[in-house]
Every structure is written in structure tokens, then in C-alpha cells.
Amino acid sequence: MNAFFTTPLAQADKAIQSSLTHELARQREGIELIASENYVSRAVLEAAGSVLTNKYAEGYPGKRYYNGCAAVDEAETLALDRAKKLFGAAYANVQPHSGSTANQAVFLALLQPGDDILGLDLAHGGHLTHGSPVNMSGKWFKPHFYGVKKDDERIDYDQLAETAHRIKPKLISAGASAYPRIINFNRMAEIAREVGAYFMADIAHIAGLCAVGLHPNPLPLADVVTTTTHKTLRGPRGGMILSRDEALGKKFNSAVFPGVQGGPLMHIVAGKAVAFGEALTPGYKTYIQGVVDNCKAMAKGMTDNGLRLVSGGTDNHLCLLDLRPQALTGDVVTDLLEHAGITANKNMVPFDTQPPQKTSGVRVGSAAGTTRGFTESDFHQIGSWIAEITHAAKAGNGEATAHKVKAEVARLCEKYPLYQGL
């Protein structure tokens, strides 16, 4: 017997096994509030850790550059069919390694270096790949930005329209990484048509909501839709491109391979197929409704206890805590939350005066906790804990309060076991 094929990780590499054990304990013992994270099913874990990791499969089903691709063709075809059914798309590409790679492929397919693009300002909740000067999208293309209004901190569609008519961009992008409200895809599509721009909707954060009708689905309106496959979709980390235009789809296929990627990660593609199948079940809509309801409950737990949220609340899976009334920074509060067993991330708020390394905000989300089984009551309590720790930080006794809350967090987590048997 060849030990190479039979020796488990615990024996083969104790250092890495220790890292995995450490991370599993962190996930089991703490509350995950990072809005871009979730827990995948045991089935997705198995697919992502399967023998498909061994297979090179450059190209697309039925048109591979290597032989021996019958099984991976089956898996990718399942992923494509399920993705199209889930979102009502005519075209899908499930090979992008990430949402960022999916966006890069779309830009490669539709734009020329130096073209004008218009996206949501990163400091107002946008994403790096929508034109940030530190990203390829801002280095290779000429970025312009729209933002939110100061009075209600919601997207200023009039400013968007004025900017679009003035600069005539080649592409307008919708989507965000820290925007807690419904996005008006209809208005954005109308503006794009008026100026002759491509309309790209990046639904990485809200894909699960769009799939079940709890947020408008941009597929009927946008020329192209990109998304990650984790976050609210609860799949493995990866990306995807969708469109109602099969002719454009051919351009996107070429942009993904050979444009920006070589061989796809077939074990991850299989994991995507599993997750899409899960999302097509009736229980998934119930789950997403829980995500939305739980986020509102967490938001109420914070506002009931004197905290301010950007735009006053949430319509989706995330909310953004504004720490400026407490004169605190996001890095300080997220570190204290982590000491209490609550994982969140510091985040810019609109019109922030703090640098990105500090920020004046904290972003929190409900997707992972809802997967775990937390109820609205639990999430209201979590919001209250965030408020308690924030006020304690302002008063100078944040560490002691975090230590106290950690014991309460542990008791809550014990009620909702995670990955039994791993």
C-alpha cells in the first residue's frame, strides 16, 4: 500500500493540521459577523476537498484542451445549468476564481485601456474592483465615482445621472461591499441606456437575496452580472459571470480563459454546483428571509442601545455601524469585539475622515449566524453586546466588558454546534 494515498493530514503535516484545528475551534466558539463570510454545508466541503483538485481542465465542457475531462464536464455542466436556473440567466461562466477575477474578465471583454468607467465610491460602500486607484480597474481604466447623499446616506442617483451624462462612460457598475439598502437597478439601467454605456451589476453580497426575490434581480436589466459564490450564496469561495446575452457570453468566456485564467479549479466548480443545488430548494428562500429578518433584529439591538447606523438601518444582510458619535475608530472596536468572541471588520463610512487602516465604522452581517441557526432574539442580543462593548470602549473599560461578554457569547455558541464530527 502506498502511504502517499493513505496517510491522513494529522500524520502527514501536524503543523497544518494544528492550523485547521485552531480555525475550526475559532468558528465553533465565536460569532461570525463578517458580512462577506458564511459557513458552507458538509456537502460543499466534501466537493471542494475532492479528487477533482487533481484534474486540469483548460477550456469549457466539450471543448477542453486536455483529455480525461468527462467527469469534470459533468460537474461544470451541472453548475452552469443550476446557476442559469437560479438567476434566470441565458449564459453563465462558473470558472472565475473570485468575484474580483470575474470583474476583471468583464472589463477585459468590454473595455479598452483608458476607457471611462463609473462606479460607487469605495469610501461610500463600493468595491476595490469598481475603479479604486489602487486596483487594476483604476490603473488600467479612467475611473469616475458616484456616492451617497449626506442627508440619508443612500445612493444619489441624480448625481450618478449627471456624472454619466457629462463623462459618457463606457461602463457603469452597480453593487457594493458595504451598502445596507436596496439598489435601484431600474434607474441605473435607464441611465446606462441614455448614455450608451454597458451596465454591469456586481451582486456579490446580495446574490442570495436576488436569487429568491428579496432584492431586485438585475438580470433582466444588466448587460452582465458578476458575483461571488460564497457570502449569501453559501458556496465555496469563488466567482461567476451571468448574462441574458449569449453573444456577450462568448466574449466573457474568452476573457476568463485564456484572458485572465488558465485551468479552472474543478473541485471548487463542483462545490459551486452543490451550493447552487442547495439554493434551488424551498428551504433556501426561508434561509434568506431569516438572513434579512435577523439583520434587522441585530440593527435594532444596536439602535435600541444608542448606536448610530449608516442610513438608519438595513434592507439586506448587513449594516454599518457609525462610530463617529462615540469618537471611536473601527480598528479599536473590532479588536475588542474579537476579544469577546465576535468577529467583524472595520469599514469606512460615508464622508469618513479616518484613514482606511482605522476607519470610523464597523460592518456586520447576518448570513453566517443565520446558517448556524441563530434566531432574531439571538441577533438582537448580539446587537446589544456590540453596543455594550462600544459604550465601554468610550468609557475606557472595553477590555473588561469584552471579557464578560465573551462568556455570554460562549454560552450562545454552545447552543448551536458547528460541523459536528469534523
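Modeller: First, the elements: helices (H or I, at least four residues) and strands (E, at least two) are DSSP runs, numbered from the N terminus. The largest share of the pocket's lining comes from α2, with seven residues. This is a predicted model, in which local features need pLDDT of at least 70, side-chain atom pairs count only at pLDDT 80 or more, and totals for chains, interfaces and linings use all residues. Residues are numbered from 1 along each chain as its sequence is written, and side-chain values use heavy atoms, with hydrogens and water left out.

Now the pocket. On a 1 Å grid over the protein atoms alone, a pocket is an open set of points with protein on both sides within 12 Å along at least five of seven lines; a cavity is a set where a 1.4 Å probe fits but cannot get out; lining residues have an atom within 4 Å of a point. Points are joined across faces, edges and corners, and a volume is the space filled by probe spheres set on them. The largest pocket holds about 770 Å³. Its lining counts 27 residues, with Glu23, Gln27, Val40, Leu45 and Tyr419 nearest the centre. Two or more lining residues come from each of α2 (14–29) and α3 (42–48).

Glu23 also forms a salt bridge (a side-chain nitrogen of Lys or Arg within 4 Å of a carboxyl oxygen of Asp or Glu). Its partner is Arg26, at 2.8 Å, N to O. Take buried as under 20% relative accessible area, exposed as over 50%, and partly exposed as in between (1.4 Å probe, protein chains only). Glu23 is partly exposed at 31%, and Arg26 is partly exposed at 30%.

Gln27 leads on to Arg372, one of its contacts (heavy atoms within 4.5 Å). Arg372 sits in helix α14 (residues 367–372). Beyond neighbours within four places in sequence, Arg372 also touches Arg28, Gly30, Tyr39, Cys413, Tyr416 and Leu418. Arg372 is buried but has no salt bridge: the nearest side chain of opposite charge, Glu32, is 8.5 Å away. For charge, Lys and Arg count as positive and Asp and Glu as negative; His and the chain ends are not counted. A polar atom of the Arg372 side chain lies 2.4 Å from the backbone oxygen of Arg28. The backbone oxygen of Cys413 lies 3.3 Å from a polar atom of that side chain.

The structure holds 19 salt bridges. One of them joins Lys358 and Asp331, with closest N and O atoms 3.8 Å apart. Lys358 is in the loop between β14 (345–347) and β15 (361–365) and Asp331 in helix α13 (residues 330–339), so the pair ties together parts 27 residues apart in sequence. Lys358 is partly exposed at 37%, while Asp331 is buried at 17%. Lys404 and Glu408 pair at 3.3 Å, N to O. They are four residues apart in helix α16 (residues 398–414), so about one helical turn lies between them. Lys404 is partly exposed at 38%, as is Glu408 at 23%. Salt bridges also link Glu153, Arg308, Asp322 and Arg324 in a network.

Three cavities reach 30 Å³ or more. The largest cavity has a volume of about 90 Å³. Among its 16 lining residues, Ala176, Tyr179, Ile183, His205 and Ile206 are closest to the centre.

Methods. Polar contact = N/O pair within 3.5 Å; in protein donor to acceptor, adjacent residues only side chain to side chain.
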